[in-house]
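Here is a friendly note to read alongside the structure. Please keep the view open as you go through the points.

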Amino acid sequence: MFEVSSFNKAERAQKLEDARTSYKAALEELKKKKELLTDPNVEILEKLLNVDFPRAYRDNPVLQHSKIQDLMKRTLRCYLLQYGVGYFSGMHEVVSVIMAWYLAPVLKCSDLNFKKEHTQILDKISNETLFDLEVQLYFSILKFFYFHDFSLITASADQLVEDLMLAIKAKNENLYDLLIKKKSNLRLLFFKSILCCLSGDLSLQLTVHLLDYLIGDPEKHLDVIIDVCASICNFYSKEVIAFDEVELLTFFSKRPCENWEREQLDSILKNL
């Protein structure tokens, strides 16, 4: 996924320079396109990005920094308009996680536990360094979204629910039977469990760890997400069985995975 930094050291400087040139050209082309565009969808996109990005990792002082917010919005906007790709909720989460991965070595924060003092380092970073981060972010999300089609997640809720139930059945047949018997709201179960693993409920460190699994086998991206969701449902099977729809919604709204440790996520991932 990390296209520029994945090259060996001897090739990296030239590859980064090529990437800079390519991204500058993309920005210039985008500027010309925006001057000609009268499509109201462009304005809608701008509003969505302005709303969604501040909501991702809202307690993270580095990702909430105005420089980084602007950088992430500009990069994702450039990708979406350049390639005519539709915006789907959740894209901003992925961009934020990749951005954090790139910022970690620059801010000397290998554990991704960004604090207020890291914003002071960020304030001193040169515009050239920031632009290089932007370049690498652009090519990373280009590659990530090429392999991971977000439209699949929103295309057919019924099919996704069916796939989730099959995955739950494989892990815990008793839970599967009880969910069918009590006529649970399975769509709610799917979307609340997917939010646990992909929308900031996990810590930034664990989300990066999970992302490693998603990029490990791009063609099975959706299968991995469904399997993780089924594992989360199984992990909280006691609550899933006992609670009614309102109680379950309240339970997941309290972000039960927020304080998970690495061992808890690994206990799920090792069985994928």
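1. First, some housekeeping. This is a predicted model, in which local features need pLDDT of at least 70 and side-chain atom pairs count only at pLDDT 80 or more, while totals for chains, interfaces and linings use all residues. Residues are numbered from 1 along each chain as its sequence is written, and side-chain values use heavy atoms, with hydrogens and water left out.

2. The protein chain has 15 helices and zero strands. Both are DSSP runs numbered from the N terminus: helices are H or I with at least four residues, and strands are E with at least two. Of its 272 residues, 47% count as buried. Buried means under 20% relative accessible area, exposed means over 50%, and partly exposed is in between (1.4 Å probe, protein chains only).

3. Contact means heavy atoms within 4.5 Å. Among contacts in the protein chain between residues at least 6 apart in sequence, 77% join residues at least 24 apart.

4. Now look at helix 3 (residues 66-83) and helix 4 (residues 91-106), which pack at an angle of about 125° with their axes 11 Å apart. Axes here are lines fitted to C-alpha atoms, for helices over the stretch in contact, and angles run from 0 to 180 degrees between N-to-C directions. The two helices are therefore oblique to each other: angles under 35 degrees count as roughly parallel, over 145 as roughly antiparallel, 65 to 115 as roughly perpendicular, and the rest as oblique.

5. Which residues of helix 3 and helix 4 make the contact? Helix 3 brings I68, L71, M72, L76 and L80, and helix 4 brings M91, H92, V95, S96, M99 and L103.

6. Helix 5 (residues 116-124) has H118, T119 and L122 as its buried residues. These cover an arc of only 105° around the axis, which puts them on the same side of helix 5; the arc is that of the directions from the helix axis to the C-beta atoms. Q120 and K124 are exposed on the other side of helix 5.

7. Two serines are worth a visit. S237 lies in helix 13 (residues 237-242) and is buried, with a relative accessible area of 18%. Neighbours within four places in sequence aside, S237 is in contact with N172 and L175. S267, found in helix 15 (residues 262-269), is partly exposed at 28% relative accessible area. S267 and S231 are 36 residues apart in sequence, with their C-alpha atoms 9.4 Å apart in space.
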